[in-house]
Every structure is written in structure tokens, then in C-alpha cells.
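Thanks, everyone. Please take a look at the structure on the screen, and then I'll walk you through it.

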Amino acid sequence: MGAAVSSTSVAEIIDDVTTSSSTTRLGDIPESCISFIMKSFDPKEICQLAKVNKTFHRASSADFVWESKLPQTYNFLLNKVLGDNNKEDLIRTMTKKEVYAKLCRPNFFDGGTKEVWLDRKSGQVCLFISSKSFKITGIDDRRYWNNIPTEESRFKSVAYLQQMWWVEVLGEVDFEFPRGKYSIYFRLHLGKTSKKLGRRVCDLAQVHGWDIKPVRFQLSTSDGQNSLSQCYLSGPGEWAHYHVGDFVIDKPNGPKTIKFSLAQIDCTHTKGGLCIDGAVICPTEHENTKQF
């Protein structure tokens, strides 16, 4: 049955239900069987099938259909994004379809310094971490760093380095990721942007020092995975995603601690003009990091 379903398109099913003149049609199948068949389709296709008739609509809302699309760690995610107010009551009353819809939308947590959502294509978790949650050397000294407002960040502000000899940025997150392979990227920008007469302008006056020595990116996890790489920062005026490293979750069994960093600590020259928006953790198969 599984092979037959996987080779059948949504269009063919809809055509059979609405136009077939045979004695027995797919529309005559019991609702529970239709729900079981729908498990084999992706969420977008399930929503298309729900429009066929009332029976298909009811079948598409079955909890076991949508639970099959949720990651193993969805209860952990719900606890993160729902906050403390009536959380247990909400979890108890939400259908699995409502849970899926909630988690596919961007959800802020940890005081608005982190955002999480499900990738609709893979069903895997994507996580964006604001620069506000990083430990940045000298961040409290306004001679070196400033937090500047901008519409180019989902967190509405970025950390901006004016000039410094020793640049070190440390990030850490404790999170229960579903099974899979994940990549971490820093979202960085050389130059300070602003709006003038409705147009985007970029001030590059303070950009210097990044072409002399490479930046070191480092990743470590609480289960012993490590990664180290180096890269020069380039492309002033545009946001860029710099790959820190990858890690694998084989068996989700509680939160893992993920630590990541960037550093340029060669004190023979100063560095400046760098904007740090944050870091993104996403499934490695993601081809387009620009959406972050």
C-alpha cells in the first residue's frame, strides 16, 4: 500500500474523487483510512487534499497525521515558545495540526534573543541567535562597540565594532535538536548601513584590518564534536553567512550544549567596521542561507 500511495500524485487522487464514474471511489474509503493515506504526503499536499470534500477535510485534521510531520523534540520546542502563562493548558488543548502550524512560524524565546521555527521542507529545526546573547570582549565599552538599531535584523539591532585590537565573540545555546545534521553560520556585515531619503547607504569609513589576517571560527558540542576553520572577511556592504562548522544529532535524549565563536586576536593591527547580527543553526541540506 505504501508503494502505491507514494507513486500517486495529489492531482490523481483529487481527480479520482471528483470525476471517477466507477462504483467504488477513493471518496468512499472510510475517513480513518484516508487519514492513514495522508500520512504519506507532505504538509502542503495534505492541505490540498483537505479541500476535496468534507470527509477529506476531517481526515486531514487527524492528530496522528500531523504528529508524523513533527520532530521528535516538538514538546521541548513547545515549552520554549509558549512561555509560562497557561503553558500546560495550551499544550493539552492544542491539536497536532495547531502545534505544527505554531512551530512553523518564527517564535521568539529567551527574552527575545533567540528565534526558532520548523523548516517546512525537511521538518527540521532552524534557530537564530541574536548578538545580544553573545559574550563579546569589550561590548560594554562604547569606545569599541555599539548596539545600533536596524531594520536589516530580525532582532531590530546589531552589534557594531568601531575599532579594536582584540576581537572575540562567544556564543552558546542549550537546545534539544531533532535527529539530523546541522550547520552553524555567523551573519556578518562589513560597514554600517542607514537610510537616507528612503535609500540604503553603507558607511565603509571604519572598515579595516580584516584582509590582513583571517578570522578563526570554532565549534564544540557537549558530546565531543569539534570544528575549527579560518576565513578572511570580505564583501563590504552586503550581509554574508560565514560557516562555523557542522554537528550531528544521532539520538535526541535531552538538550545539547553548542558553543561557537569567532576571533581575530592578532594584536599587531586593529580591526573595525564590523556588524554582527547573530548566528543561525539550520539543517545542513539548506541550500539558501540568505533567507536568514
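Let me start with a term. We call a crossing left-handed if the near helix is turned anticlockwise from the far one by less than a right angle; clockwise makes it right-handed. Keep in mind that this is a predicted model.

Now to the helices. α7 covers residues 74-81 and α9 covers residues 96-104. α7 passes α9 in a left-handed crossing. The angle is about 65°, and the axes lie 11 Å apart. Which residues of α7 meet α9? They are Tyr74, Leu77, Leu78 and Val81. On the α9 side, the partners are Lys96, Val99, Lys102 and Leu103.

Next, the core. The largest nonpolar core has 62 residues. Which of them touch the most other members? Phe175, Phe177 and Phe186 do. Take Phe175. Leaving aside residues up to four places away in sequence, its contacts include Phe76 and Leu77. Phe109, Val116, Val125 and Leu127 are also touched by Phe175.

On to strand β3, residues 125-130. Why do we call β3 largely enclosed by the rest of the structure? Because 6 of its 6 residues are buried, where buried means under 20% relative accessible area. Look at the two directions. Val125, Leu127 and Ile129 point one way from β3. Cys126, Phe128 and Ser130 point the other way. All of these are buried.

What does β3 pair with? One partner is β2, residues 114-118, antiparallel, over 5 bridges. Here Glu115 stands opposite Phe128 of β3. The hairpin of β2 and β3 has 6 residues between the strands. In that hairpin, Gly123 takes a positive phi near 75°. Another partner is β15, residues 274-283. β3 and β15 run antiparallel too, joined by 4 bridges. In this pairing, Ile129 stands opposite Ala279 of β15.

Last, the cysteines. How many disulfides does a search of the whole structure find? The count is 0. Where two of the cysteines sit is worth a look. Cys33 is partly exposed, at 35% relative accessible area. Cys231 also counts as partly exposed, at 31%. Cys126, by contrast, is buried in β3.

That's my tour. Over to you.

Notes: Residues are numbered from 1 along each chain as its sequence is written. This is a predicted model: local features need pLDDT of at least 70, side-chain atom pairs count only at pLDDT 80 or more; totals for chains, interfaces and linings use all residues. Side-chain values use heavy atoms; hydrogens and water are left out. A nonpolar core is a set of buried Ala, Val, Leu, Ile, Met, Phe, Trp, Tyr and Cys residues joined through side-chain atoms within 4.5 Å. Buried means under 20% relative accessible area, exposed over 50%, partly exposed in between (1.4 Å probe, protein chains only). Contact means heavy atoms within 4.5 Å. Helices (H or I, at least four residues) and strands (E, at least two) are DSSP runs, numbered from the N terminus. Two strands pair if DSSP finds at least two bridges between them. A disulfide is a pair of cysteine sulfur atoms within 2.5 Å. Axes are lines fitted to C-alpha atoms, for helices over the stretch in contact, and angles run from 0 to 180 degrees between N-to-C directions.
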